Amino acid sequence: MKETGSFIEGPILSPLLRFTIPVLLALLLQAMYGAVDLMVVGQFGQPADVSAVSTGSQVMHTVTSLVTGLAMGATVLLGQKLGAGKSEQGGQALGSAIALFTAVALALTGTMLWTASPLARLMQAPAEAFEQTVAYIRICSGGAIFIVAYNVLGAMFRGIGDSKTPLLTVTIACVVNIAGDLLLVGLFGLGVAGAALATVLAQAISVVLCLLFTKMKGLPFSFSLRDIRFHPKHTGRILRLGAPVALQDVLVSISFLAIAAIVNSLGVIASAGVGVAEKLCGFIMLAPSSFGQSLSAFVAQNIGAGRKDRAKKAMLYGMGSSLCCGVALAWLSFFHGSLLSGLFARDAAVIGAAADYLRAYAIDTLLTSILFCFIGYFNGRGNTAFVMAQGIAGAFLVRIPVSLMMSRMEPVSLFRVGLATPCSTVVQIALFLGWYALTAAQDRRHTNLI
């Protein structure tokens, strides 16, 4: 067994940053999977191909959101067990997660293969891009087992305080994906299908590498094949922690799919432009996302150890650090959107549409520096039900209605449509501030009783 990365004593900022930077780099490389697909297809294909990859990857992102949300339950459970000094229960918790997610993987694969065409229709994929969109979804769905497996392994590593191993595996897999895109799309001209195949291959390799490194490095608790079963206590806890996060992530992703469908109805140029902008936003949001994920593990260990004071300080450090990154990214997105969009498209109309939409996201880049750290903090505390509630409220009470309203205002402006996202974030931050005040008061009362 190896020792876990402990966050329950000593300085806060430096270990948080050391943990977050590999998470950020790993997320960056994961984002490269779909980005490289879009970039290579954008250079060698037509606007219809770009639209197909962007729409198809948005659908697959929703699937991934479901998996990562559920996996958060495993991260928090492992972190709290190790923080409380109950590492002997780690093997059972991990075994329960593997059993649970194997069932999830099989269900997702069958469902996605069966519903690929209806999903493309629901997304209002433009007629000239419809068949390519269906092909992309079906090929990527065939590799759903690898999406699930990688996220379970990533959840395990984050829970035990190891963010470097996932970074190493995803680095190698990203190189494979880039090579596969250039070979299958650029050289052999397989287009959308080649991009999807390259992505599945890269995900498979990342899973194999994670398993190899786990065997080589060991775990901070005993684990054997006998542990892989549904332990009722741990399986229930993973679901109670992860299901609200998964539901929130899926519904939030659906809200973005709804926006994509709204934009798709405006034509192939708008569809491709927003697809490019969303892909760029995936990179722009990596800094706040990485701090949010890291805080979940950091806070979980400290909550398990009864160190609520350290958990709160970590959240504030995370917000400050994330905001520093957000200022630079917001400036780049608002004033140089055309330059960034040109990395993924060569059609001038598509580049202009993407840059217009991206200016709205520049505003959200500043706001999510606060929002995502709140999400990480409360996930780590185990308050996943409230995290779910605020996410759903922002998505369905603000983001979708505002984007629909803006899409009907003449002349149509993608900037105004994009403003729906920062409007939602403002409401969500307000909800979190209220919840934080409530939980802080409860913590004080609990301390006084002790």
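Modeller: In this predicted model, W435 lies in helix 16, which spans residues 420-449.

Colleague: Why is W435 called partly exposed?

Modeller: The relative accessibility of W435 is 27%. Buried means under 20% and exposed means over 50%, with partly exposed in between. W435 therefore counts as partly exposed.

Colleague: How far apart are W435 and F386 in sequence and in space?

Modeller: They are separated by 49 residues in sequence, and their C-alpha atoms are 8.3 Å apart.

Colleague: What makes helix 3 and helix 5 roughly antiparallel?

Modeller: Helix 3 (residues 90-122) packs against helix 5 (residues 144-159) at an angle of about 155°, and their axes are 9 Å apart. Angles over 145 degrees count as roughly antiparallel, so the term applies to helix 3 and helix 5. Helix 3 passes helix 5 in a right-handed crossing.

Colleague: Why are helix 9 and helix 13 called oblique?

Modeller: Their packing angle is about 40°, with the axes 7 Å apart; helix 9 covers residues 268-284 and helix 13 covers residues 348-381. Roughly parallel requires an angle under 35 degrees, and roughly perpendicular runs from 65 to 115. Helix 9 and helix 13 are therefore oblique to each other. The crossing of helix 9 past helix 13 is right-handed.

Notes
Residues are numbered from 1 along each chain as its sequence is written. This is a predicted model: local features need pLDDT of at least 70, side-chain atom pairs count only at pLDDT 80 or more; totals for chains, interfaces and linings use all residues. Side-chain values use heavy atoms; hydrogens and water are left out. Axes are lines fitted to C-alpha atoms, for helices over the stretch in contact, and angles run from 0 to 180 degrees between N-to-C directions. Helices (H or I, at least four residues) and strands (E, at least two) are DSSP runs, numbered from the N terminus. A crossing is left-handed if the near helix is turned anticlockwise from the far one by less than a right angle, and right-handed if clockwise. Buried means under 20% relative accessible area, exposed over 50%, partly exposed in between (1.4 Å probe, protein chains only).
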